[in-house]
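Hi,

Here's the structure I said I'd pass on to you. Have a look at it first, and then read my notes below.

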Amino acid sequence: MGEKSVATKVDEGQMRSFTKAVLNDLFALEQMLEGGQLEEGVRRIGAEQEMFLVDSAMRPAPIAMEILKAANDPRLTTELGLFNLEANLTPLEFTGNCLTKLENEIDETLNIVRETAGKFGADIVLCGILPTLQKSDYVAENLTPEPRYIEMNRVLTELHGRQRAIHIKGLDELILRLTNTFIEFSNTSYQVHLQVGGSEFVKFYNWSQVISAPVLASAVNSSLLLGHRLWQESRVALFQHATDERSPAHQARSRPARVSFGDNWIKDSVLEIFHEDVARFRIILTRDLEENSMDVLASGKTPNLNAWRMHNGTIWRWNRACYGVMDDKPSLRIEARFLPAGPTVADEIANSAFYLGLMIALPEEFGDVRGRMRFDDAKRNFFNVARNGLQTQIVWLDGKSFRASRLILEELLPIARRGLESMNIDSADIDRYL
């Protein structure tokens with residue numbers, strides 16, 4: 001969920017200053033891109049692992065703070081709900097046995113949480129939505145008591161109004177009226193990161209949008225919410241509802257949601273996404289800033305862009321553009337946010353291998369996807385897959401149509417294999433995960 005240190009009482013002057021800092025960060029990033037200062041030619045991968053904490057009856061166990069204190073592992077951090085935790089895994093060079101390394105580190109961190117939770121009579125579960133959740137779990141007592149989460153709930157609720165409607169129709173129909181964002185406690189995901197260069201960002205990002213549908217089709221596991229059989233990946237629908245800042249009037253005027261797939265291909269630069277997010281979405285969280293990014297850049301150092309990164313952390317595109325600094329080198333990465341957690345670590349790494357292999361091979365083999373597919377088809381594919389999973393009919397390149405399962409087995413797995421082989425991924429890992 002990003003930076004935890006936020007300001008809780010902000011006057012107009014502070015908001016203006018923070019908004020200026022966000023714009024300064026964008027100017028600094030633009031200069032770094034134009035000057036070729038962002039790292040190029042390096043492929044790294046990373047992941048974020050979210051999880052549920054459960055008691056012996058498999059009901060949510062709101063003991064995240066106790067586990068964090070007892071485990072004392074810097075990779076572990078809080079999430080919105082007290083029965084959720086997140087592990088941030090070590091970035092790895094995308095080559096050799098990196099997939100096995102990633103699986104081993106996730107297993108290691110989960111075992112630390114599992115052993116620590118056992119001291120409190122609890123355990124962990126990996127899944128997109130915990131099926132045992134009840135309406136009584138969505139209460140303030142289960143909100144993680146940190147300023148970021150408290151402030152985000154307050155601001156989103158004020159902007160939306162105190163009647164948040166949840167309406168999801170699948171095999172069953174779920175209709176709820178809520179007065180807060182706490183139903184977001186229901187969701188946990190597994191997020192994959194791929195570092196790409198600034199000069200190649202556009203082609204990689206557009207392909208990530210395209211492959212979201214087939215990769216998600218092989219991974220859906222969130223069909224139950226509050227006893228209702230909804231979408232195959234109900235988390236996709238629920239996340240937008242849970243964090244929506246738009247009042248009913250704004251929704252009626254088709255104002256964009258903070259959780260989205262986007263509305264078009266990007267054409268020239270990652271800055272198109274960032275400028276759009278600043279123009280369309282008001283700043284809802286601020287923090288004290290230690291740097292002026294333009295001054296830092298002028299001094300020959302690398303700015304962290306903390307103001308913009310905080311704003312970016314409150315806009316949840318299913319494929320998110322991210323900026324980071326490692327060993328004092330700035331870089332860009334694509335964060336695939338659409339995969340659910342679980343059901344096993346091996347499944348998650350298999351999903352990673354599939355996604356990453358396609359990300360490497362498809363741009364190389366097919367070039368610019370914009371000439372091969374309409375954006376509306378990519379977007380429609382994504383939401384149809386979230387509803388119907390492997391049974392979805394996917395519109396693929398050049399208007400060809402495939403059942404998702406056939407597209408994956410006959411077309412995409414061989415392409416993913418070629419992509420992994422081109423990165424010199426160990427053949428044993430390729431065979432196992434694909």
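**What I found**

Leaving aside neighbours within four places in sequence, Ser260 is in contact (heavy atoms within 4.5 Å) with Trp316, Arg317 and Trp318. Before you go on: this is a predicted model, where local features need pLDDT of at least 70 and side-chain atom pairs count only at pLDDT 80 or more, while totals for chains, interfaces and linings use all residues. Residues are numbered from 1 along each chain as its sequence is written, and side-chain values use heavy atoms, with hydrogens and water left out.

Back to Ser260: you'll find it in strand β11 (residues 259–260); strands are DSSP runs of E, at least two residues, and helices are runs of H or I, at least four, numbered from the N terminus. The Ser260 side chain also reaches the backbone nitrogen of Gly262 at 3.4 Å.

Next, His311, which sits in helix α10 (residues 306–312). His311 has a relative accessible area of 3%, so it counts as buried (under 20%; exposed is over 50%, partly exposed in between, with a 1.4 Å probe and protein chains only). Not counting residues up to four places away in sequence, His311 touches Asp277, Val278, Phe281, Arg282 and Ile283.

Last, a helix pair. The axes of α5 (residues 201–217) and α11 (residues 345–366) come within 9 Å and cross at roughly 130°; axes are lines fitted to C-alpha atoms, here over the stretch in contact, and angles run from 0 to 180 degrees between N-to-C directions. The residues making this contact include Trp207 and Ile211 of α5 and Phe354 and Leu358 of α11.

Cheers

Methods:
A polar contact is a pair of N or O atoms within 3.5 Å; within protein, one must be able to donate a hydrogen and the other to accept it, and residues adjacent in sequence count only if both atoms are side-chain atoms.
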